[in-house]
Amino acid sequence: MTTKTETASDCKIVTFTLGKQTFGIDMGALIEIREWDEPTPLPNVPTFIKGVSNLRGNVIPVVGLAERLGWEPSVLHARSCILVVSISGKQAGFLVDEVNDIVGITRGEIQPAPEVETIESSVIDGLVRISTRAKDGTRDENGTMVLLLDLEALSLTKHLDMAA
C-alpha cells in the first residue's frame, strides 16, 4: 500500500499588505492582479465599494478591502493594485496596498485564528508564518505572520449583486 507523501507545498497563497499587516488568500481564488484604475462610482452602495470596473467585458465591483475590514481607507500610491478574485462563482476586485509574493505553504503550518469577540475575526481563516524575502534577495527565516482571509466570510454576496 502506498501512502501519499506530503509535498513541500500543499497550496499557494498570494500575500499582500494593507497598512503594515500582511494578508494572504488562496491562489486558487485569484483570477488576476491589475494595476489600480479608478472604478466607476455607484450611488447608494456601502462606502467600501469603490465602484465597478470592466474586466474583459464583465462588470466587477471593486472593494476597498481595508475599509471592508473596518480600517482606514488605503492611501493610493504607485504599488496599489486590485486583486481580482472569484467568490462563490462571482468576481470581485479588492483594492490592496501592495502585492508581496506567491508562497507555497503546507496545511499543517496554518494555525487557527484566535477566538476574539469581534465580528471581523470570522473573516480570518487562519494564520501562517512565512519566511520573507529581503530586497537584496536574502530570506528572513523569522518571517512574517500572515492573516489568511476567508473570502466567503467577507459577506460580499448581496453587496456584489447590488454593485454588479
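I began with the sheet: five strands make an open, mixed sheet in the order S3-S6-S7-S5-S4. Strands here are DSSP runs (E, at least two residues), numbered from the N terminus. Two strands count as paired if DSSP finds at least two bridges between them.

I looked at the edges next. Strand S3 (30-35) and strand S4 (49-55) each have a single partner strand, so one side of each lacks a neighbour in the sheet. I noted the twist, which averages 30 degrees from one strand to the next. For that, axes are lines fitted to C-alpha atoms, and angles run from 0 to 180 degrees between N-to-C directions.

A note on the source: this is a predicted model, where local features need pLDDT of at least 70, side-chain atom pairs count only at pLDDT 80 or more, and totals for chains, interfaces and linings use all residues. Residues are numbered from 1 along each chain as its sequence is written, and side-chain values use heavy atoms, without hydrogens and water.

Then I followed S6 (residues 81-87).

I checked the partners of S6. S3 joins S6 in the antiparallel sense over five bridges. There, Glu32 stands opposite Val84 in S6. S6 and S7 run antiparallel and share seven bridges. Leu83 has Phe94 in S7 as its bridge partner. In their hairpin, two residues lie between the strands, and Ser88 takes a positive phi near 50 degrees.

Last, I looked up S5 (residues 58-64). This strand pairs with S7 (residues 90-96) in the parallel sense over three bridges. Val63 stands opposite Phe94 in S7.

Key:
Helix = DSSP H or I, 4+ residues; strand = E, 2+ residues; numbered from the N terminus.
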